[in-house]
Amino acid sequence: MRLSELPTGEKAYILKVHGSGAFRKRLLEMGFVRGEEVKAILNAPLKDPIKYQIMGYEVSLRRSEAVMIEISMLKEDVLSFRPWEEEKQELLCTAQQAIPECNRRQRRRRGRFRHDSSCRLIKAALVGNPNSGKTSLFNLASGAHEHVGNYGGVTVDSKIGRLYHKDYTIELVDLPGTYSLSAYTPEERYVRNYLVEEQPDVVINVVSASALERNLYLTTELMDMEVPMVIALNMYDELEQSGSKFDYPALSKMIGIPIVPTVAKRGEGIPELLDEVIKKYEGEDKKDPARIPYGRVLERAIELMERELADVDISHLHLPLRYLCIKLLEGDKEIEEMIGGLPKCDAIRARRDKERAYIDKLLREDAESAFANARYGFIEGALKETFTPKANIHDTTRILDAIVTNKYIGFPIFFLFMWLMFEATFRLGEYPMQGIEWLVGTAGNFIRSHMADGPLKDLLIEGIIGGVGGVIVFLPNIVILYLFIAFMEDSGYMARAAFIMDKVMHKMGLHGKSFIPLLMGFGCNVPAILSTRTIESRNSRMITMLIVPFMSCSARLPVYLLFAGTFFGRYAGLVLLGLYMTGILIAVVSARLFRRFLFKEEDTPFVMELPPYRLPTFKSVMIHMWDRAYQYLKKIGGPILIASIIIWFLGYFPKNPSIPEQRVAEHQEHSYIGQIGKCIEPVMRPLGFDWKISVSLLSGMAAKEIVISTMGVLYAGDSENQTSLQERLLTETHADGTPVFTPLVVIGFLLFVLIYFPCIATIAAIKEESGSWKWALFSVLYSTGLAWMVAFLVHWIGNLWI
Amino acid sequence: MFKGLLALWGFIQANVQLIIVVLIGIAVAVKLGYEIYRFFFVKKDTSYCNGCSMCEISKIKKKKIS
């Protein structure tokens, strides 16, 4: 029987994982090993993917992938498999004892990490599964404000923060979340390379107490690597609340690694954790870490491999001999490349192949599965004596999931939430927005009435207040949008959104994981493009990267708010939602096209953990909102101010004495910016855009908010009073008296802003992540060409209609 | 000499706003020129966000390991 056939609510036992490569490895690492109990929890609204419970946590798999897992409803079928059972019993016994024979080796190995005790700088690396709370711990310990979310893959690079504790400077490095240290995904490679090349003084292994068994898998790999380690048992409050009992001191004694319970989001346990880090660094921790016993068959294979490598110098690889042998036996490609340069490499490979065949024959499974099984066997044994789980640990999660992923109401809830988000952004933001607008107007009028006429006065009123003031009024809206995004991320709803959208993503030829970068794109496209690194398949990664710019980032929001609010009145919220949805639609169509013509090939597996729901803390939501407000203000004070001044200069000079001072519009038309605008106007004229709109769009290439500040400067008008930009746009007319902003022009303009590339930073990010200017240039041409085409069609078809 | 200084002072008084605007213009032009130069010619650390510092991610020093 296959896992895809398991009825909802039923349990079964895993017999075998079929398939090959990264997908299979990922399944093994996530606990889909022989004998493990798995339960089908529910189907996504579109019947795919399916949510399963395994090892006390929840994971979603596509039906087409679940079919690769062989199961049996009877436990006897698993137990009847003798060779494996014998090995497992052996592992269960050995795990419950300390393993003294490894100590000598361990001490010798530790020399690699020896430090100068006079130096009081400790380099500590945070390593753990995705969503285990590393970034929360990093933020709390180092006082940083890094982005965290209740879903995996938020950290895609390493970040460094410093903190001071008991006369020590601890340099904390937050590494991307990873399930293991094999070399299948970019994050796994990244973390392993960091540990090997940078050699941190202490590794803080962050283990989520809510999914102990799976999290400890990575711990076993770190133990194999023989790194000096301290375990932070994070989210310990959840474990306590669930009623489960965990004798972590006993486990600590058993594996010889200090374990400190922490609640990173509240800062509990962090001083104790840092104390242990210092102890480990100073060598005060006398415990010797245990060595993972892999059972008779695998140990024999490792030993023979060690003998083969005994007389080969591998010191330059900075890896323990035993770890090297294990990885070679597992078939790790990167390690295999490493030994390529060694003398005797052919003999080593021959020995490896022989041992792999031996394992296959004796254990009736391949070496990769055998090692994963052995590690989980060790973990099971270690937890048997120390951990008493309580059934139904996440009842609230189950109830909430039954509602938000329900096949009938899952999608309506999702769209309702989206609508609510945009409506609140617009409606609630309106009140503080009016206040800021009044302040901007008052400041303008004050200068107008108290300052002598001259270029400085014009610069202040038209350039700075007109430009910057037009952008600053949207600050409340940005903050409110981020309140919702923070809530979605921190609560765990974001992962559910990916779950229910996977089928749609799959139809687009994308991975469900692509949904996370796409959602992140609503905040800022640059980190969204960087987060595509978590997608294993290059083709899916490239497609996601190229469609992220169609997700309306927060920089585009002020443009939408200004135009929707000015021209669509009470329907502004709906227009806003419509724009975001149009962006998604364009992304879907583009993804289909890219998959069909540019990035064919493979389908990608969908293995995604669904974290339990967590109530976001007031502090974390406030940090999100404050950070966003701060960054927005910083941007206003930096590039937007500079751009406003430049646009003003270009619009103010050269002075034409034949045009009276009061006729600002006429004067601008003959200025430098007017000439630039006139130059590009022929290209934009078919869209109904005048030269001022064209110049605004051109300046918006640097950052989208600059579109507004440019308009603030260009549509200064001839009025004696400081009027809001909205009013100025509404009254703007062509020379013949017809309004510049007709409904068709406004729609075309909004679509143009939505579709053409968001900013230079995004293009640079695409270049960096794709590794070539070719794709960056393609993105610019494709998005701008498409924007022009869509705006043209709107104008052309609209004119036919009207 | 004194007459010249007086004339200059008169010019400054009459065109104080223009002079400030020109100075602002020079400062902005220098800043813009520097940014363009940095974008094209300075090998910056693009390992994180390609050197973009528009959001919170780049607030702390980041390090990339190849």
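This is a predicted model: local features need pLDDT of at least 70, side-chain atom pairs count only at pLDDT 80 or more; totals for chains, interfaces and linings use all residues.

Colleague: Which residues does the cis peptide bond join?

Modeller: F653(A) and P654(A), with omega about -5°.

Colleague: And where is P654(A) found?

Modeller: In the loop between α27 (618-652) and α28 (664-669) of chain A.

Colleague: How many C-beta neighbours does Q199(A) have inside 10 Å?

Modeller: It has 16, so Q199(A) counts as partly exposed.

Colleague: What about phi of M235(A)?

Modeller: Near 60°, again a positive value in a non-glycine residue. M235(A) lies in the loop between β10 (229-234) and α9 (236-242) of chain A.

Colleague: Is M235(A) buried or exposed?

Modeller: Buried. M235(A) has 27 other C-beta atoms within 10 Å, and the cut-off for buried is 20 or more.

Colleague: New topic: helix α25 of chain A. How many of its residues are buried?

Modeller: 10 of the 12, in residues 557-568, so helix α25 of chain A is largely enclosed by the rest of the structure.

Colleague: Which ones are buried in α25(A)?

Modeller: Among them are L557(A), P558(A), V559(A), Y560(A) and F567(A). L561(A), L562(A) and F563(A) are buried too, as are A564(A) and G565(A).

Colleague: And what follows α25(A)?

Modeller: G569(A), with a positive phi near 45°.

How values were computed. Residues are numbered from 1 along each chain as its sequence is written. Chains are lettered from A and ligands numbered from 1 in the order in which they are written. Helices (H or I, at least four residues) and strands (E, at least two) are DSSP runs, numbered from the N terminus.
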